[in-house]
Amino acid sequence: MTVDLLEKYRPKLHFAPKQNWMNDPNGMVYFEGEYHLFYQYYPNGTTWGPMHWGHAVSKDMISWEELDIALYPDEHGTIFSGSAVVDWNNTSGFFPDAPGLVAIFTHHLDGTEEKPSVQTQSLAFSHDKGRTWTKYEGNPVLGHETKVDFRDPKVFWHKETEKWIMSLATGQTITFYSSTNLIDWKFESEFGEGMGSHDGVWECPDLFKLKVEGSNEEKWVLIVSIGDNPEFDQGSFTQYFTGSFDGSTFTADHDSIKLLDFGKDNYAGVSFSDIPEEDGRRIYLGWMSNWRYANQVPTEGWRSQMTLPRELTVRKVGQDYKVVQKLVKELNSYFSKKEDIHDVIVDGTKTFKMDESNVDLDLNIERVDAEQFGITLHHTEEQHTTITFDQEKNALVVDRKNSGAIDFSDMFSLDQEVKLENIDDIQLRLVVDSSSVELLVNEGEYSVTSLVYPDKACEGISVFTSNGAIKVTNGYVSSPSK
Ligand code: FRU
């Protein structure tokens, strides 16, 4: 294979494996100055296969160094998704000398015609900052007699009750278990019946507490990914619940469906464990793909990438609590400001020409009287992705029908639409990379994450209106620091 083909579509700012297949982020943890990203990895091909944990480390969550495979399949099965924690106080007994990392993951054993597959939870620990791992001799540590879908343990230390809490995806519910030593687990409660979306199997939960912006109030947030169901148009997607957690039971504020992302390409996202309290951020990233077409996307030699890392907070909007996302500030040093925009009236089209492998755009827009306005991202002269705000629909639509290669899936070219309260005052942040467009609207209240496969990342950006004008009160377009 030529280098060109291998490098086509390879992101500059997003993590992608050098070779072969990747899906979910796993074991995300911060320890001794490094962010660790493990991930579902198949080292022998570019489609999903027997799972391993790949491994990468970073000092800033943007530039990653890929390391050796961390976990290989064994007699208990292949290595499905899970989490990692720092066992600061040697609760497990694995760390008599100094704190280290424990990975809590699912072992998956394929079924046969007579016997269903088996999923159990297991442990591995590392004394050398995640470079080498020892599987616990007593694996597996948690199984189930009847549940076939029993996976994706996400563990955290619950200070108030001094216990480890595991959230586990159990069919179409999340089950919580507790432990004092990461080895012996006790059932606490099960959440989910009649709550949120049940369009598919529930996967990859994550439970954590967040501050509500501008107040002393706190909310617990439970993220739940939902697997692809061929009966629906959206493929796999991610929902969340806000509520409370008392160390045993999660109680949601609502039974309605809340989406973490309105784009097609943000799945199985979970957050880093053990980010120091002085930092205080809750940072997550997702797998930037969709089970509907993940195995078909047109990259050669490698497949899949992660979203950019994003800081999560909760915002109270009216009576509603929303999880909002901000791209981490570490991203800023990868761009040097190019053009500031102040008080520009657009009535028609204003184009910024450039030729960049990635772009960061931030705009505050007041609608004067335009019926529609938006951004055309010109990848090349023919290929573009369009973001349109429509006053009549009170909605935002991301259209990637002309974005480049699209014919690997019928679903890829369907519009991605988000209903908004109004479009009179819009703030948007857009980050474009070789094969993705990440859009955050109204200081992170809405996220639309989309893959695209153009021949080039960006030759220009137009701000356009139809039937009237807008005012861009301020903003910037910036391109990479050289
Ligand atoms: C989510 C998922 C997980 C599972 C893993 C297998 O994308 O289906 O539930 O652990 O992928 O690779």
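## Aromatic pairs in a predicted model

Phe 389 is buried, with a relative accessible area of 0%; buried here means under 20% relative accessible area, worked out with a 1.4 Å probe on protein chains only. This is a predicted model, where local features need pLDDT of at least 70, side-chain atom pairs count only at pLDDT 80 or more, and totals for chains, interfaces and linings use all residues. Residues are numbered from 1 along each chain as its sequence is written, and side-chain values use heavy atoms, leaving out hydrogens and water.

Now for the rings. The whole structure holds 36 aromatic pairs. To pair, rings of Phe, Tyr and Trp (its six-membered ring) need centres within 6.5 Å; planes under 30 degrees apart are stacked, over 60 edge-to-face, and the rest tilted. Phe 15 and Tyr 39 have planes at 45°, so they make a tilted pair. Both Phe 15 and Tyr 39 are buried. Phe 373 and Phe 389 are stacked instead, with 15° between the planes. Phe 373 also counts as buried, at 0% relative accessibility.

| Pair | Centre distance | Plane angle |
|---|---|---|
| Phe 15 and Tyr 39 | 5.1 Å | 45° |
| Phe 373 and Phe 389 | 5.1 Å | 15° |

There's a ring cluster too: ring pairs tie together Tyr 9, Tyr 293, Phe 408, Phe 412 and Tyr 453. Phe 412 also has Arg 400 over its face, 3.6 Å from the ring centre. Likewise, Lys 219 has its charged end over the ring of Tyr 321, 4.4 Å from the centre. A charge sits over a ring if NZ of Lys or CZ of Arg is within 6 Å of the ring centre and within 35 degrees of the ring normal.

How values were computed:
Buried means under 20% relative accessible area, exposed over 50%, partly exposed in between (1.4 Å probe, protein chains only).
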